[in-house]
Amino acid sequence: MKGIIFTEFLEMVEEKFSPEVADKIIEASDLVTGGAYTSVGTYHHSELIEMVGHLSQESGIEVVPLVKVFGEHLFGRFVDLYPEFFEGVDSCFSFLDLIEDHVHVEVKKLYPDAELPTFATEHPEPQKLVMTYQSMRPLAPVAEGLIKGCIAHYKEDISVIVEDLSGGDNTQARFTLEKMTG
């Protein structure tokens with residue numbers, strides 16, 4: 001997993017909790033890296049999962065809501081760090097349709113060794129988008145947070161229904177987004 005995910009997670013912890021909490025969760029975790037990450041490095045996702053577990057213990061907030069908030073935070077950071085991905089895109093559905101065949105293609109150019117999840121989209125109705133997430137990593141709640149961050153970024157009224165397709169291991173999910181009318 002690319003280091004930017006780790007650096008942004010720790011930045012979010014410092015911002016939303018405190019630098020002291022970030023230090024505590026690093027110290028409590030058995031990390032091969034010792035908690036030192038660079039945005040371009042590659043690290044095992046288990047380190048992120050371990051730190052999230054310790055953040056949950058430290059904060060009293062369950063893991064799934066924490067990683068959803070991280071996904072929302074991460075989307076905002078992607079907007080800041082990679083504005084070129086958002087140029088000319090005027091809606092949540094339009095952006096989500098671009099992830100697999102545009103955004104991930106560009107990410108692979110920047111980070112050829114990146115192991116990215118897949119995001120397949122379909123439009124069964126004009127006001128509905130169905131996105132299927134699949135990954136080797138158990139991060140479907142992060143994907144849900146990214147989707148909610150995208151909705152907030154485009155300031156649209158869209159509902160999201162989540163279906164776990166993985167049998168509980170968070171490696172596959174279907175997100176049904178529907179634009180609210182009226």
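**Notebook: core, sheet and rings**

I started at His 104: leaving aside neighbours within four places in sequence, His 104 is in contact with Ile 99, Leu 116, Pro 117 and Phe 119, where contact means heavy atoms within 4.5 Å. I found His 104 in helix α5; helices (H or I, at least four residues) and strands (E, at least two) are DSSP runs, numbered from the N terminus. His 104 counts as buried because its relative accessibility is 11%; buried means under 20% relative accessible area, exposed over 50%, and partly exposed in between, with a 1.4 Å probe and protein chains only.

A note on ground rules: this is a predicted model, in which local features need pLDDT of at least 70 and side-chain atom pairs count only at pLDDT 80 or more, while totals for chains, interfaces and linings use all residues. Residues are numbered from 1 along each chain as its sequence is written, and side-chain values use heavy atoms, with hydrogens and water left out.

Next I looked up the core. A nonpolar core is a set of buried Ala, Val, Leu, Ile, Met, Phe, Trp, Tyr and Cys residues joined through side-chain atoms within 4.5 Å. The largest one has 55 residues, and Phe 9, Met 51, Phe 95, Leu 96 and Leu 177 touch the most other members. Elements giving two or more residues to this core include α1 (3-16), α3 (45-59), α5 (92-110) and β4 (172-179). I then checked Met 51: not counting residues up to four places away in sequence, Met 51 touches Phe 6, Phe 9, Leu 10, Ile 25, Ile 26, Ser 29, Leu 31 and Tyr 37.

On to the strands, which pair if DSSP finds at least two bridges between them. I saw β2 and β4 pair in the antiparallel sense over seven bridges, with Leu 129 opposite Leu 177 in β4. Strand β3 (residues 158-164) also pairs with β4, antiparallel over seven bridges, and there Ile 161 stands opposite Thr 176.

Last, the rings. I noted 10 aromatic pairs in the structure; rings of Phe, Tyr and Trp (its six-membered ring) pair if their centres lie within 6.5 Å, with planes under 30 degrees apart counted as stacked, over 60 as edge-to-face and the rest as tilted. Phe 75 and Phe 95 have ring centres 5.6 Å apart and planes at 90 degrees, so this pair is edge-to-face. The pair links helix α4 to helix α5, 20 residues apart. Phe 86 and Phe 95 are stacked, 4.6 Å centre to centre with 10 degrees between the planes. I also logged Phe 6, Tyr 37 and Tyr 43 as one aromatic cluster.
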